[in-house]
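Good morning, and thank you for coming. I would ask you to look at the structure on the screen while I speak.

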Amino acid sequence: MNSKTIHSQNHAWLVGVKDAIPLMGGYIPVAISFGLISLQAWFSIWETIAVSTLIYAGASQFLFVAMVASGAPLWLIVMMTLLINARHIVYGPNLAPYISKNPWWICLMHGLTDQIFALAHTRLPQLESENRLGWFSGAALLAWFSWIGGTAIGAIAGGELIAQWPLLGDVLPFALPALFLVLLAPRFNSMLWAICLGSTIIMAIILKLSGFTNVSIPLAAICGTLSYYGVRNRQIDRRSMHG
């Protein structure tokens, strides 16, 4: 490996870190919330930080501490955690073609979150093949450390922060949904994606208001997927007729 290649890979790592910096605005507040909730569920500070370090699964962590605190059986806790993270079955294969040539990519999948996937799915195709793993490493590690750091803040000082600024208790839970909106907004750049994302959002709201809270997200996702392929196939048919 020559010095030019090493420099290029180091640069890719720094670009990954830079691209992931906006994620910290969503990760840290939600991680602080998790740190607070975990302590309220009688986890110690170090146990709380260990959960964020080893499980690192966002919503699954909230469910994990709630089920442990309620005395749920271990098999049910494991099953529900895996069920919530089943979406990674889709995430991994979509990114594997870009970084699977390096033997370290499997270890880096620990850093694959919803936000990292959305960012990587856009950025990796734009990079040279030798720079992709470096970029992913930088982005994933920054996100991971920001989540661990936010958890530590919540576990150690979160109670004092909420006591001093009570409004934070209402604002923190909305940080991650706001981050998702920021990541999705650039995709509204064509009629196809606008219809797909718009129908998903509308269906989720309708199901939520109708009382189908538990199934609103998966059903809305299915609706958005059907809309995407329906509109795309119609566009293809039109082009073939005019071609």
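**Helix packing and aromatic pairs**

Let me begin with two helices: helix 6 passes helix 8 in a left-handed crossing, a term used when the near helix is turned anticlockwise from the far one by less than a right angle. Helices here are DSSP runs of H or I with at least four residues, numbered from the N terminus.

A word on the source. This is a predicted model, in which local features need pLDDT of at least 70 and side-chain atom pairs count only at pLDDT 80 or more, while totals for chains, interfaces and linings use all residues. Residues are numbered from 1 along each chain as its sequence is written, and side-chain values use heavy atoms, with hydrogens and water left out.

Helix 6 covers residues 88-99 and helix 8 covers residues 114-123; they pack at an angle of about 30°, and their axes are 11 Å apart. The axes are lines fitted to C-alpha atoms over the stretch in contact, and angles run from 0 to 180 degrees between N-to-C directions. Helix 6 and helix 8 are therefore roughly parallel to each other, the word for angles under 35 degrees.

Which residues in helix 6 meet helix 8? They are Tyr91, Asn94 and Leu95, and on the side of helix 8 the partners are Asp114, Phe117, Ala120 and His121, where contact means heavy atoms within 4.5 Å.

I turn now to the aromatic rings. Rings of Phe, Tyr and Trp (its six-membered ring) pair if their centres lie within 6.5 Å, and planes over 60 degrees apart count as edge-to-face. The count comes to seven aromatic pairs. One of them joins Phe34 and Phe62 edge-to-face, at 5.4 Å centre to centre with 80° between the planes. This pair links distant parts of the chain, with Phe34 in helix 2 (residues 24-40) and Phe62 in helix 4 (residues 59-69), 28 residues apart.

Is Phe34 buried or exposed? Phe34 is buried, at a relative accessible area of 0%, whereas Phe62 is partly exposed at 23%. Buried means under 20% relative accessible area, exposed over 50%, and partly exposed in between, with a 1.4 Å probe and protein chains only.

Tyr228 and Tyr229 also form an edge-to-face pair, 5.2 Å centre to centre and 90° between the planes. Tyr228 is buried at 18%, and Tyr229 is partly exposed at 41%. Ring pairs link these two tyrosines and Trp193 into a cluster.

Conventions:
Angles under 35 degrees count as roughly parallel, over 145 as roughly antiparallel, 65 to 115 as roughly perpendicular and the rest as oblique. Rings of Phe, Tyr and Trp (its six-membered ring) pair if their centres lie within 6.5 Å; planes under 30 degrees apart count as stacked, over 60 as edge-to-face and the rest as tilted.
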